[in-house]
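Here is a short report on one protein model. Read it with the sequence and the 3D view open.

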Amino acid sequence: MEKTIHQGRNVKRFREMLGIKQEALAADLGDDWNQRKISLLEQKEVIEEPLLLQIADVLKVPVEAIKNFDEEQAVNIIANTFHDSAVANTFTENSQANFHCTFNPIDKWAEEIAENRKLYERLLQAEKEKMELLKKLLEKVK
């Protein structure tokens, strides 16, 4: 039996990983969106392609990630990544420490996206301030 991917749940997962509230996502999607509408969207198993593209763009994630992310597979991959050698060996008098660094690549990816989003928001704010200054200068010239 083929397992279906719940796209709405995946939107919620990515939104939460990025630290974005439903209200913020609604604001980014446009005036006709609100928190309640986002909540209903996150309950939908399948999301229409144009809307899915818009959401992926706002969240700055590939649309394929929302379409294909399967939590069970991700957990299996992560679980299989951790094994006995992933735990640091204890020190003994005649032994060297043997450390193996392991991390969750999804968490790392989400952190990078969050940092990029913060940078984008700062740049956008700077552009808005620049536009306001230009408007004021134009008004003075008129």
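Buried means under 20% relative accessible area, exposed means over 50%, and partly exposed lies in between (1.4 Å probe, protein chains only). This is a predicted model, in which local features need pLDDT of at least 70, side-chain atom pairs count only at pLDDT 80 or more, and totals for chains, interfaces and linings use all residues. Residues are numbered from 1 along each chain as its sequence is written, and side-chain values use heavy atoms, with hydrogens and water left out.

**Overall fold**

The protein chain has 7 helices and 0 strands. Helices (H or I, at least four residues) and strands (E, at least two) are DSSP runs, numbered from the N terminus. Along the sequence the pattern reads α-α-α-α-α-α-α. Of the 142 residues, 27% count as buried. The chain exposes about 10700 Å², and carbon and sulfur atoms supply 54% of that area. Accessible areas come from the Shrake-Rupley method with a 1.4 Å probe; for residues, only the protein chains shown count as cover. Contact means heavy atoms within 4.5 Å. Among contacts between residues at least 6 apart in sequence, 65% join residues at least 24 apart.

**The core**

A nonpolar core is a set of buried Ala, Val, Leu, Ile, Met, Phe, Trp, Tyr and Cys residues joined through side-chain atoms within 4.5 Å. The largest one has 23 residues. V11, L25, I55, L59, V61 and I66 have the most contacts inside it. Two or more residues each come from α1, α2 (22-29), α3 (35-41), α4 (49-59) and α5 (63-68). The largest share, 6 residues, belongs to α4.

Helix α1 spans residues 7-17, and its buried residues are Q7, G8, N10, V11, R13, F14 and R15. G19 follows α1 and has a positive phi, near 70 degrees. What does I66 touch? Leaving aside residues up to four places away in sequence, I66 touches I5, Q7, N10, V11, F14, L52, I55, A56 and V61.

**Salt bridges**

The structure holds 9 salt bridges. Each is a side-chain nitrogen of Lys or Arg within 4 Å of a carboxyl oxygen of Asp or Glu. Three of these pairs are tabulated here.

| Pair | N to O distance | Relative accessibility |
|---|---|---|
| E49 and K67 | 3.0 Å | E49 37%, K67 26% |
| E115 and K118 | 3.7 Å | E115 48%, K118 43% |
| K135 and E132 | 3.9 Å | K135 45%, E132 42% |

E115 and K118 are 3 residues apart in helix α7, about one helical turn. K135 and E132 also both lie in α7, 3 residues apart. K118 counts as partly exposed, and so does E115. R15, E16 and E42 are linked in a network of salt bridges.

**Helix α7**

Helix α7 covers residues 105-141 and includes L137. An unreviewed UniProt entry lists residues 106-140 as "coiled-coil region". UniProt positions follow the numbering used here, feature names are shortened, and annotations may be inferred rather than shown by experiment. In the model, residues 106-140 are 100% helix and 0% strand, and their end C-alpha atoms lie 51 Å apart.

M131, L134 and L137 make a nonpolar surface patch of about 290 Å². Patches are made of residues with over 30% relative accessible area and no salt bridge: like charges are joined within 9 Å, nonpolar side chains (Val, Leu, Ile, Met, Phe, Trp, Tyr) within 5 Å. L137 itself is exposed, at 52% relative accessible area.
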